[in-house]
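Here is a friendly note to read with the structure open beside you. Take the points one at a time, and find each residue on screen as you go.

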Amino acid sequence: MNVIELNQLTKYYGKSRGIEQVTLDVKEGEIFGFIGPNGAGKSTTIRTMLGLLYPDSGTAKIFGKDCFMSGPEIRQEIGYLPSEVFYYDKMKVIDLLNYTAGFFKNKNSKVKMRELAEIMELDLKKRIEDLSYGNKKKVGIVQGLMHSPKLIVLDEPTSGLDPLMQQKFFDIIKKENQNGASVFFSSHILAEVQSLCNRVAIIKDGQIIKVDDIKSMREDNYKKVTLKGNQIPSDQFINLQGVTNIHHVDRELKFFYKGDINQLTHLVSQNSLKDVLIEEPTLEEIFMHYYR
Amino acid sequence: MHILKWEIKAQFKTLLIWSVVFIVLIFMMTSEFSAYYDNPEMSDVLEAMPEGMLKAFSMENANLTTTTGYISLVALYFYIMVGVYAVLLGNGIIAKEERDKTAEFLLTLPVSRRKLLFIKWLAALINTILLSLVIFAATTAAMQPYDLDQAFFKFLTQITVSCFIIMLIFLSIGYLMASVLKRYKSSGKLSAVLVFFLYLANDIMALSDKLEFMKYLTPFKYFEAQKILKEGSLDTTYLIISGGIVIVSMITAFIIYPKRDIKI
C-alpha cells in the first residue's frame, strides 16, 4: 500500500515556479529520501502535502485520502519536523508539548514525550525563547514524534543538531520505522539520505528527475578527486578508466572517479604530489555531472 | 477547549495593558468632571460657544454638568480606543501565526483551519466582553463621588453595549483583513489606518449636513452617545447593520482563509 501518492502535483507562487508535475509514491514502511539542492521545491512539495499550500493542479493523497479534503484526519497520523522550527516564544517547552498532545487522539503521547525528551536531553522546563537553535530543533523532534505517527515527514531535519544528536535522532527514526512508521525524508545532504533511505527521489528546478533505489544510487558511487602538485602527469589520470568531469587548472587537477579505488591510489603513490583530496561530491556536483 | 485556553492566555497581557490604560483614562477624565458637575457657570460658558465649534467637538447636545451628559461626551473617545483595540486584536489573533512563523506548527496539527478560526474568534470575543466589563466597572468606580441614579446606570449600560458592538465590528474587520490578505504586515497597518479613517469620516460628517449620506459608512456614527441619551435607546437600524457587517466579515473569512496559501 502507498502511504503517499503525489500525482502531477504543480504549484506556482504567482508566476514563479514552485513545483511542476511532481509524481511519486511512498510505500508503507519505507524510508523515502527526497533530495535536491536548495530552492528545488522540496519544502513546497511537503507544505502542499500538509495542506499549508494549495496546488494549482494535480492530486496529493496520504493514507489513500485527499490531503485537502481530509487534512485534519490525515494529520492525526503525521509527524512533521520542518527545517526551521518556530514555536510560541513565551511558552515553556512542557506547556508547548502538552498543548500539542491535546490535538492528538493517542493517549500515550505524554509518556512518549518524556522518553523522547530524555533521549534528546531536552530540558522541559525552559521557555522556548531561551532555547538555542539546536534545542528548538529537539523540541521539534519530540513534538513531531510524541504521538507515534504512522508517517513521519522530515524537512532538512538535522540542521542545527550536533553530530551526536544527529546520530541519536537517526536511531530514533530507525526505531520508529522498525515499529511500522513510514518516513519521508527531505534533505540536501546525500550521505544522510544514502545511509538511511530505501528509495530516493531527486528533485531539481521543481521537477522530479529520478526516482531510484538507494542501492543503484550507491553503485554510481562517484568520488571527487583533487590532486595538487608542480608536475601532475594529467594524461595518466585522465586515461584511467572511470575518470570524468576533468578540470585542469595550473597545478591542480580535479576529476570524478568511479571505479577501483586501488588503481587510483596506486597511481597517486607513483607520483610526487603536494596534496590529495578524495571527497564525496556534493549533490550539486552530482547534478552537474548527471543532468547537465 | 485547550486551544481556547491558550488563545485567551496569549492575549491576556494585551488585555491587561488596555484595561489599565482605560482605567487610568477614565479616572483622569472623571477627575476633570468635578469642575463641571452641577456647575451652572459651566452651562453658561458652553451656551456662549459658537454652535459650529460645539458640533466639531461633538458637544452640541452635551450637558457637561450632569453625569450622563459628561459620559455622553467622553463616549466617543471610548469608541475610538475600543475600535483600535478590537481591530488590532482581530487582525493579530490571525496574523500572528504567520508573522511569528508559528503557522507551520499550528496548521500542520490535526485541526481544520475553520475550527481554528472559530476558536480564535471566540477567544477574541471573550476579550472584548472582558474589556467592556472593565469599562463599565471603571466608569462606575470613577463616578462614585457623584450622585448616580438609575438613569445613569441605564445610560452607562447602553454606552458599554455600544462599545462592545463597536468592538465586534472592528474585530470582524481586522479578522477579515488578516484572513484574506496574504501580506500579514500590511493587513495590520491597513486595519489601524481604517479605524482612523472611519473616525475622521465621523468627525468630518459633523461639520456639514450635506455629508449625512455617509452616516452608514462609519461605525462610530452608529452609536452616537448624545443621540442615545436623547432617545433613550440604541438605533435598531444601526444594530442590524452592525450585525450584518459582523456576519458578512465572518463568513468571508471562513470561506477564504481555509483555502488560501499560508505564508511561511
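What percentage of the 264 residues in chain B do buried residues make up? Buried residues make up 38% of chain B. Please keep in mind as you read that this is a predicted model.

1. **The make-up of chain B.** Let us stay with this chain for a moment. Chain B has 11 helices and zero strands. Now look at the contacts in chain B with a separation of 6 or more: 79% of them are accounted for by residues 24 or more positions apart.

2. **A helix pair in chain B.** Find helix α1 (residues 2-36) of chain B and helix α4 (residues 67-99) of chain B. These two helices pack at an angle of about 165°, and their axes are 11 Å apart. Because angles over 145 degrees count as roughly antiparallel, α1(B) is roughly antiparallel to α4(B). The crossing of the two is right-handed.

3. **Who touches whom in that pair.** On the α1(B) side, the contact is made by B:E7, B:Q11, B:W18, B:M29, B:F33 and B:Y36. On the α4(B) side, B:Y70, B:V74, B:Y85, B:L89 and B:I93 take part. Sorted by class, the residues of this contact are nine nonpolar, one polar and one charged.

4. You will find B:I26 in helix α1 of chain B. Is B:I26 buried or exposed? B:I26 has 23 other C-beta atoms within 10 Å, so it is buried; the cut-off for that label is 20 or more. Setting aside its neighbours within four places in sequence, B:I26 is in contact with B:A138, B:T139 and B:A142.

5. **The make-up of chain A.** Next, turn to the other chain. The secondary structure of chain A comes to 11 helices and 14 strands. Along the principal axes, the C-alpha atoms of chain A fill a box of roughly 70 × 45 × 35 Å. Of the 292 residues in chain A, buried residues make up 38%. Among contacts in chain A between residues at least 6 apart in sequence, 69% join residues at least 24 apart.

6. **Two domains in chain A.** Chain A is divided into domain 1 (2-219) and domain 2 (223-291). How many Å separate the centres of domain 1 of chain A and domain 2 of chain A? Taken over C-alpha atoms, the centres are separated by 37 Å.

7. **A helix pair in chain A.** Helix α4 (residues 109-119) of chain A and helix α5 (residues 133-145) of chain A have axes that come within 9 Å and cross at roughly 150°. The two helices are therefore roughly antiparallel to each other, and α4(A) passes α5(A) in a right-handed crossing. From α4(A), the contact is made by A:M113, A:L116 and A:A117, and from α5(A) by A:I141, A:V142 and A:L145. By class, these residues divide into six nonpolar, no polar and no charged.

8. **Two loop residues with positive phi.** Which value does phi of A:F63 lie near? Phi of A:F63 is near 55°, which is positive in a residue other than glycine. A:F63 sits in the loop between β4 (57-62) and β5 (65-66) of chain A, and with 20 C-beta neighbours inside 10 Å it counts as buried. A:E156 is another residue other than glycine with a positive phi, near 45°. The place of A:E156 is in the loop between β7 (151-155) and α6 (163-178) of chain A. A:E156 has 20 C-beta neighbours inside 10 Å, so A:E156 counts as buried.

9. **Where the chains meet.** Finally, look between the chains: 19 residues of chain A are in contact with 17 residues of chain B. On the chain A side, the elements that give two or more residues are α2 (71-75) and α3 (93-101) of chain A. The largest share of that side, three residues, comes from α2(A). By class, the side of chain A that touches chain B has 13 nonpolar, four polar and two charged residues.

Notes
Residues numbered from 1 in each chain as written. Chains lettered and ligands numbered in written order. Predicted model: local features only at pLDDT ≥ 70, side-chain atom pairs only at ≥ 80, totals over all residues. Domains from an automatic or database assignment. Contact = placed C-beta atoms within 7 Å. Helix = DSSP H or I, 4+ residues; strand = E, 2+ residues; numbered from the N terminus. Nonpolar A, V, L, I, M, F, W, Y, C, P; charged D, E, K, R; others polar. Buried ≥ 20, exposed ≤ 12 C-beta atoms within 10 Å, placed from the backbone. Axes fitted to C-alpha atoms, helices over the stretch in contact; angles between N-to-C directions. Parallel < 35°, antiparallel > 145°, perpendicular 65-115°, else oblique. Left-handed = near helix turned anticlockwise from the far one by under 90°.
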